[in-house]
Amino acid sequence: MELLAPAGNMEKLKTAIYFGADAVYVAGKKFGLRAFAGNFDEKELQQATQYVHENNKKIYVTVNIVAHNGDFDGLGDYLNYLQSIKIDGIIVSDIGIMQYAKQYAPDLDIHVSTQANVTNKYTAKFFADYGAKRIVLARELSFVEIKEIRDFLPENVELECFVHGAMCISYSGRCLLSNYLTNRDGNRGACVQACRWEYTICEKSREGDGYEIQEDNRGTYILNSKDLNMIKYLKELKEAGVASLKIEGRMKSSYYVANTVNAYRRALESLEKNLPLSDEIYNETFKSSHRKYTTGFYFGRSDSECIESSMPVQSHEFMAVVVSDQKNGKVKIQQRNRFAVGDELEVLSPNETFNKTIKVEKMFDMNGNEICDAKNVQEQIILKTDIALRTGDILRKEI
């Protein structure tokens, strides 16, 4: 199965590839559903595609807005450009955009977005007959339903499913809450995540007298969904016929991307060796930001079991990223959060140094001066360690 990772910018893309993703999905500056992510202009898309292909991986570009008439201005040229730089596929929800792609970029593989709400085998077959290479199924499906869809389709049409990350409280993400409250359309890339805000309720006869529903000391989040976590059930996903495992999170941090991709890559390696998932790998999913976890609808559970009532938490914090390989007992790192001599840092790596610990004993600034406190934002530091750290490895600290 393909491990597909989010990449909101070039740093996250390189992080995803380094930690074991088989493919990444990105967005251009328009036509995608994460307008507030860093995203890629046309030159950056070309650079990203070149980098991914040099590493023998794949790149898919989201063109998945729910389009209005005016959204088609410039779309043909954009699709033709994506074809010219040889991306591996576009993720589309709108049938009109699919038709445009056939006209302006007929060589592009079309992946039907989860926004298209494919919840049954007949709709899936329609898109397959229309020429879709892959269908990203709605999140509201069970293993049984996915298997029925798989058996109903031609073998050359792939199924992709979300396995990890935030979920919309609205059906497969088609939501008007952001648009209604702020005039920013989530279906056209501008969601403000209004479902994450704090809310009060008001009894009808007491208009204006609001009551805050307290779930914790930070308020209540009655419209939130729990986060999806399927790392324990990769075998079931494979048996259902899923070809691509999709991690949500183009707006998440590089550390989230690294941590989650690393965990799922190691889980897939265990599956390939017919080994059970270790507690060490499962516990990795708690080390970066998340809400309470759920398996969503895969086991046919009701909507109420997906409701969340708390803020995100994580057990570890991103301290630094390695910017050059360890040599002669020293390694160059870039600080991301404050740490000091005496702290114990844990290694996040796709290599054999994974989860090793470093007791910070000596570190130096780039002028060779010994320092005891890494407190300057994104300062480059020389850290003394005998652990064979490599460029791209991450150092984190338990909170």
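## The cavity

The count comes to 1 cavity of 30 Å³ or more. A cavity is a set of points, on a 1 Å grid over the protein atoms alone, where a 1.4 Å probe fits but cannot get out. The largest cavity holds about 40 Å³ of space. Volume here is the space filled by probe spheres set on the points, with grid points joined across faces, edges and corners.

The model is predicted: local features need pLDDT of at least 70, side-chain atom pairs count only at pLDDT 80 or more, and totals for chains, interfaces and linings use all residues. Residues are numbered from 1 along each chain as its sequence is written, and side-chain values use heavy atoms, with hydrogens and water left out.

Which residues line the largest cavity? They are Leu 137, Ala 138, Arg 139, Leu 141, Ile 146, Cys 161, Phe 162 and Tyr 298. Lining residues have an atom within 4 Å of a point. The lining divides into 7 nonpolar, no polar and 1 charged. Ala, Val, Leu, Ile, Met, Phe, Trp, Tyr, Cys and Pro count as nonpolar; Asp, Glu, Lys and Arg count as charged; the others, Gly among them, count as polar.

## Helix 4 and helix 5

Helix 4 (residues 95-104) and helix 5 (residues 121-130) have axes that come within 12 Å and cross at roughly 20°. Helix 4 is therefore roughly parallel to helix 5 (angles under 35 degrees). Helices are DSSP runs (H or I, at least four residues), numbered from the N terminus. Axes are lines fitted to C-alpha atoms over the stretch in contact, and angles run from 0 to 180 degrees between N-to-C directions.

From helix 4, Ile 95, Met 98, Gln 99 and Lys 102 meet Phe 126, Phe 127 and Tyr 130 of helix 5. Contact means heavy atoms within 4.5 Å. The contact residues divide into 5 nonpolar, 1 polar and 1 charged.

## Helix 1 and helix 9

Helix 1 (residues 10-18) packs with helix 9 (residues 254-272) at an angle of about 15°, their axes 9 Å apart. That makes helix 1 roughly parallel to helix 9.

Glu 11, Lys 12, Thr 15 and Ala 16 in helix 1 meet Ser 254, Val 257, Ala 258 and Val 261 in helix 9. This contact splits into 4 nonpolar, 2 polar and 2 charged residues.

## The second largest pocket

A pocket is an open set of points with protein on both sides within 12 Å along at least five of seven lines. Of its 17 lining residues, the closest to its centre are Met 251, Lys 252, Ser 253, Ser 289 and Pro 312. The lining comprises 6 nonpolar, 5 polar and 6 charged residues.

Note on methods: Helices (H or I, at least four residues) and strands (E, at least two) are DSSP runs, numbered from the N terminus. Angles under 35 degrees count as roughly parallel, over 145 as roughly antiparallel, 65 to 115 as roughly perpendicular and the rest as oblique.
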